[in-house]
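Work through the exercises below with the sequence and the model open. Each task is followed by a solution in steps.

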Amino acid sequence: MNFFVLTLFPEMITDTLSHSITGRAIKDGKINIEAVNIRDFSKNKQKHVDDYPYGGGAGMVMQPQPVYDAYKSIEQKAGKNTRVVYMTPQGKTFNQKMAEDFSKEENIIFLCGHYEGIDERVIEEIVTDEVSIGDFVLTGGELASIMMIDAISRLVPGVLGKEESFQDESFSDNLLEYPQYTRPAEFMGKKVPDVLLSGHHGNIAKWRREQSIIRTIEKRPDLIKNAELSKKDIKFIEKIGKSDIIK
Ligand code: SAM
């Protein structure tokens with residue numbers, strides 16, 4: 001999978017993603033990241049890419065021409081119908097479902113704004129998706145695109161060690177993941193639940209499912225209504241006296 005990032009700070013992208021699992025995926029050729037410096041496409045001597053906003057007001061706005069030319073420089077390589085994702089606090093909030101959807105693409109282009117944002121005309125011209133990483137304002141789109149690339153990359157086949165590593169994971173079925181434990185079996189007087197040491201796969205799976213349900217009800221009750229619950233799950237929810245939450 002190829003990620004192209006149009007940015008004023010290409011090293012932020014390449015340096016950050018060169019570590020850990022994404023770094024290994026790049027080395028193994030499972031993903032490819034190309035950060036394109038928008039400033040390289042500035043046509044003025046000082047390499048300015050921003051100017052004052054028409055109509056006045058604070059801050060600077062990124063000019064359309066360098067952004068458009070940066071996009072044009074990779075358009076062919078990335079393919080004609082490639083999605084162009086503008087990172088903006090005004091976009092749809094990113095979530096796991098969107099990560100799954102994007103992970104099916106072969107190429108994605110990210111556009112990172114800075115200052116007060118980007119001239120609207122170039123956004124209208126090239127952008128297909130507007131995505132936010134939450135209801136807060138960052139100084140630039142770089143960290144936001146890094147988060148998206150990280151979340152999408154780990155869903156690309158072969159990027160994680162074992163495919164099943166993300167199968168029970170939080171949000172995969174609108175449920176949060178069950179609690180995890182590793183050695184030692186006792187830490188500060190707290191023991192790992194007996195069932196996990198029993199070696200009984202059926203009981204372990206049942207316990208994990210129930211813990212997922214309990215956790216989701218406690219921590220993210222908004223999710224549970226959209227979870228795919230079996231008859232057994234519903235019986236369990238009734239047993240713990242929380243059936244009102246799924247009505
Ligand atoms: N003036 C813009 C507004 O109020 O909508 C905010 C501009 S922000 C200071 C600069 C850039 O950071 C944006 O163009 C965008 O690329 C990025 N950015 C800021 N917050 C973000 C968020 N929550 N999600 C994704 N990108 C964000």
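A residue counts as buried under 20% relative accessible area, as exposed over 50%, and as partly exposed in between. The model used here is predicted.

**Exercise 1. Find which parts of the chain are tied together by the salt bridge between Lys-43 and Asp-69.**

Step 1. In this pair the closest N and O atoms are 3.6 Å apart.
Step 2. Lys-43 belongs to the loop between β2 (32-37) and β3 (50-51), and Asp-69 to helix α3 (residues 64-78), so the bridge ties together parts that are 26 residues apart in sequence.
Step 3. Lys-43 is exposed, at 68% relative accessibility, whereas Asp-69, at 21%, is partly exposed.
Step 4. A search of the whole structure gives 13 salt bridges.

**Exercise 2. Describe the salt bridge between Glu-105 and Arg-83, and name the network that contains both residues.**

Step 1. The closest N and O atoms of Glu-105 and Arg-83 are 3.2 Å apart.
Step 2. Glu-105 is in the loop between α4 (96-102) and β6 (107-112) and Arg-83 is in strand β5 (residues 83-93), so this bridge ties together parts 22 residues apart in sequence.
Step 3. Glu-105 is partly exposed at 25% relative accessibility; Arg-83, at 17%, is buried.
Step 4. The network of salt bridges links Arg-83, Asp-101, Glu-105 and Asp-129.

**Exercise 3. Which residues are closest to the ligand, and how much of its accessible area does the protein cover?**

Step 1. The ligand is surrounded by 21 residues, the closest being Tyr-86, Met-87, Gln-90, Gly-113 and Phe-136.
Step 2. An N or O atom in the side chain of Gln-90 is 2.8 Å from an oxygen atom of the ligand. A polar backbone atom of Ile-133 is 3.1 Å from a ligand nitrogen, and a backbone N or O atom of Leu-138 lies 2.9 Å from a nitrogen atom of the ligand.
Step 3. On its own the ligand has 580 Å² of accessible area, and the protein covers 86% of this.

**Exercise 4. Place Leu-138 in the chain and in the nonpolar surface patch.**

Step 1. Leu-138 lies in the loop between β7 (129-132) and α6.
Step 2. Its relative accessible area is 36%, so Leu-138 is partly exposed.

**Exercise 5. State how the chain is divided and how far apart the domain centres lie.**

Step 1. Domain 1 covers 2-153 and domain 2 covers 168-246.
Step 2. The C-alpha centres of domain 1 and domain 2 are 37 Å apart.

How values were computed. Residues are numbered from 1 along each chain as its sequence is written. This is a predicted model: local features need pLDDT of at least 70, side-chain atom pairs count only at pLDDT 80 or more; totals for chains, interfaces and linings use all residues. Side-chain values use heavy atoms; hydrogens and water are left out. Domain bounds come from an automatic or database domain assignment. A salt bridge is a side-chain nitrogen of Lys or Arg within 4 Å of a carboxyl oxygen of Asp or Glu. Helices (H or I, at least four residues) and strands (E, at least two) are DSSP runs, numbered from the N terminus. Buried means under 20% relative accessible area, exposed over 50%, partly exposed in between (1.4 Å probe, protein chains only). Patches are made of residues with over 30% relative accessible area and no salt bridge: like charges are joined within 9 Å, nonpolar side chains (Val, Leu, Ile, Met, Phe, Trp, Tyr) within 5 Å. Accessible areas come from the Shrake-Rupley method with a 1.4 Å probe; for residues, only the protein chains shown count as cover. A residue is near a molecule or strand if one of its heavy atoms lies within 4 Å of it. A polar contact is a pair of N or O atoms within 3.5 Å; within protein, one must be able to donate a hydrogen and the other to accept it, and residues adjacent in sequence count only if both atoms are side-chain atoms.
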